[in-house]
Amino acid sequence: MDTIIHSAGESSLRSVGINEIVIVDGTCDRYGDFVQAAQAGEVGVHFCVDGRSAVRLSRRFRADAWLVAAELPDMSGFDLLDMLSPHVLQGGVDPLLSGSRISLDQIGHGMRSGIFIVSDAYRLEDEQRALTSGVAGYLVRPITLDVIRATRIPSCMSPVTAMG
């Protein structure tokens, strides 16, 4: 069994239900801390350099988080959402799409894949478009593992409820 040591108050990725991350971006060198976490065995990271390869992967692979660049070499990340969402978002309810889980000890927490649109610069129109499309979030670079981890911490553990 692997033991991962984190600083006080920091949850491991696996403890918040993140075992596999797919990054869809034509420029993959922007995700150094994701690669380091994968090399340390903290998470599985998979890269797709364009939308077509992401759609192919989504049909056969279950990930806990998808980071999709707003602009891809072959299409807009927003156009990709229409093709990706049926495969990714149905994973939580369709056993044929959900694939095998590494652990069942977190049932009810983080079982639905999260798709995040990632942009180089903040644009209100893009944020509104992303959120109305039903994705988990709209993120602006630089993106770190801490940002992704924070999106998956159960609300009962949030600082607001913990302090109140």
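Reader: Let's start with charged pairs: with which residue does R30 form a salt bridge?

Author: First, a word on the source: this is a predicted model, where local features need pLDDT of at least 70 and side-chain atom pairs count only at pLDDT 80 or more, while totals for chains, interfaces and linings use all residues. Residues are numbered from 1 along each chain as its sequence is written, and side-chain values use heavy atoms, with hydrogens and water left out. A salt bridge here is a side-chain nitrogen of Lys or Arg within 4 Å of a carboxyl oxygen of Asp or Glu. R30 pairs with D25, and their closest N and O atoms are 3.9 Å apart.

Reader: What else does R30 bridge to, and how far apart are the closest N and O atoms?

Author: D120, at 2.5 Å. That pair links distant parts of the chain, 90 residues apart: D120 sits in the loop between β4 (114-119) and α5 (124-132), R30 in the loop between β1 (20-24) and α1 (32-39). Those labels are DSSP runs numbered from the N terminus, with helices (H or I) of at least four residues and strands (E) of at least two.

Reader: Which residue does D120 meet at 2.4 Å?

Author: R141, in another salt bridge, N to O. R141 lies in the loop between β5 and α6, so this pair ties together parts that are 21 residues apart in sequence. D120 is exposed because its relative accessibility is 54%, whereas R141, at 16%, counts as buried. Put together, D25, R30, D120 and R141 are linked in a network of salt bridges.

Reader: What is the peptide bond from R141 to P142 like, cis or trans?

Author: In general, most peptide bonds are trans. This one is cis, with omega near 5 degrees. P142 is in the loop between β5 (137-140) and α6 (145-152).

Reader: How many disulfides does the structure hold?

Author: A disulfide is a covalent bond between the sulfur atoms of two cysteines. The test used is a pair of cysteine sulfur atoms within 2.5 Å, and the structure holds zero. C28 is in none, and its nearest cysteine sulfur, that of C48, is 8.5 Å away. C48 is buried because its relative accessibility is 5%, while C28, at 25%, counts as partly exposed.

Methods. Buried means under 20% relative accessible area, exposed over 50%, partly exposed in between (1.4 Å probe, protein chains only).
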